[in-house]
There are 2 protein chains.
Amino acid sequence: MSEHDGNHVTPPPMATPEAGASDMEGQTPGTGFGASAITRRWRREDLLKRGGLGLRAIALLFSLLAFIIMASNKHGDWMDFDKYEEYRYLLAIAILSTLYTGVQTLRHVHELSTGKSMLQQRTSALVDFVGDQIIAYLLISASSTAIPLTNRMRRGADNIFTDSSSAAIGMAFLGFFSLALAALISGHKLSTQPYL
Amino acid sequence: MSEHDGNHVTPPPMATPEAGASDMEGQTPGTGFGASAITRRWRREDLLKRGGLGLRAIALLFSLLAFIIMASNKHGDWMDFDKYEEYRYLLAIAILSTLYTGVQTLRHVHELSTGKSMLQQRTSALVDFVGDQIIAYLLISASSTAIPLTNRMRRGADNIFTDSSSAAIGMAFLGFFSLALAALISGHKLSTQPYL
């Protein structure tokens, strides 16, 4: 945490005062950020960390629901999810998203409770952002793909198969929504990393 | 630009040296970023600005192609794009994306050439990021939606209609890819805005 904040507080020691002089005009040298600014920043970062964790936990719940609902959606005859590539795709992405958000939630809970991080802070921020963003794109893609097929089926018959499919699509969409928000937070975290 | 960089170079004047003292240990007060660090930062920001503009221009090209190819995809009988909701959706999103990327490209070219910005810097960064991200999500959604229908048609017949549809889907996907990269850049810009 202090290493991270150090970016804004500590000027790099290799710079001489003369080198930066033209840009340092009009300020008293030696005045740093106030303690209130620093604690405000800490509080915001803590909030963001908890927010990111919460959103990933919600995404885990929704992907798990989408996975379970779609995987149990077999009612014989034409009403088997695995007869349709759209539903198989949705199931695959739901499983992927469940695994990803599960691992991420565990990792962040472990980090919050022990205070130790398994990865370097920068690597962790990068993994978080890239993962969140890619899984969010996959989830929106999978749920959009399954919508027209379900719509068309519902025009013919409205039964437990189409209802379960719609429920799984809805869950995948909600999972997308939480992961997209989590990606916002992790993108912000990544951008405020020093020397990126 | 100088207002933006000021965030990292100029400490706020209301802070007393004592208040931040505990976090300022182990550094000589008054040493700022070197000129080389500042010009490096400027050069990087200039590169990011041009990169964002270039990516949006590429996205404009691809969305325009998707729009034109899909809108001219009428060959009579069952081979009319407007008989299928997936293709109508893709057309709508391609039009939306063309308009958005067109306006954004014009705005940024105007900004680069005159040096004047139409919006405040923070508003502009926010509009860029939100717009890029939403249009990217819509494009991936629209192109994923149209894929299974096209696949299914191709199993029956492989003609100019299915080929044009595939081309439009491919263009929309490439547009999504450039806008997703543009969203990365604008998200980074937004996060490095002061006092967000």
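1. A quick definition before we start: a pocket here is an open set of grid points, on a 1 Å grid over the protein atoms alone, with protein on both sides within 12 Å along at least five of seven lines. With that in hand, note that what you're looking at is a predicted model. The second largest pocket in it has a volume of about 560 Å³. There are 27 residues lining this pocket, and the ones closest to its centre are A:G187, A:S191, B:G187, B:H188 and B:S191.

2. Where does the lining of that pocket come from? The elements giving two or more residues to the lining are α2 (35–71), α4 (121–156) and α5 (160–191) of chain A, along with α2 (35–71), α4 (121–156) and α5 (160–191) of chain B. The largest share belongs to α5(B), with eight residues. Sorted by class, the lining of the second largest pocket has 17 nonpolar, eight polar and two charged residues.

3. Now for two helix pairs in chain B, starting with α2(B) and α5(B), which both turned up in the pocket lining. Their axes come within 8 Å and cross at roughly 160°. Angles over 145 degrees count as roughly antiparallel, so that is how α2(B) and α5(B) run relative to each other. The crossing of α2(B) and α5(B) is left-handed, and the residues of their contact split into 18 nonpolar, eight polar and four charged.

4. The other pair is helix α3 (residues 85–114) of chain B with α4(B). These two pack at an angle of about 150°, their axes 9 Å apart, and are therefore roughly antiparallel to each other. The crossing of α3(B) and α4(B) is left-handed. In the contact of α3(B) with α4(B) you'll find 14 nonpolar, nine polar and five charged residues.

5. Over to chain A and what the record says. An unreviewed UniProt entry places the feature "domain: Casparian strip membrane protein" at residues 48–177 of chain A. In the model, that span is 83% helix and 0% strand, and its end C-alpha atoms lie 17 Å apart.

6. UniProt (unreviewed entry) also places the feature "transmembrane region" at residues 53–72, 126–147 and 167–186 of chain A. How do two of these stretches look in the model? Residues 53–72 of chain A are 95% helix and 0% strand, with end C-alpha atoms 28 Å apart. For residues 126–147 of chain A the figures are 100% helix and 0% strand, with 32 Å between the end C-alpha atoms.

Methods: Residues numbered from 1 in each chain as written. Chains lettered and ligands numbered in written order. Predicted model: local features only at pLDDT ≥ 70, side-chain atom pairs only at ≥ 80, totals over all residues. Heavy atoms only, no water. 1 Å grid on protein atoms, 1.4 Å probe; cavity = no way out; pocket = protein on both sides within 12 Å on 5 of 7 lines; lining within 4 Å. Points joined across faces, edges and corners; volume = space filled by probe spheres on them. Helix = DSSP H or I, 4+ residues; strand = E, 2+ residues; numbered from the N terminus. Nonpolar A, V, L, I, M, F, W, Y, C, P; charged D, E, K, R; others polar. UniProt positions renumbered as here; feature names shortened; annotations may be inferred. Axes fitted to C-alpha atoms, helices over the stretch in contact; angles between N-to-C directions. Parallel < 35°, antiparallel > 145°, perpendicular 65-115°, else oblique. Left-handed = near helix turned anticlockwise from the far one by under 90°.
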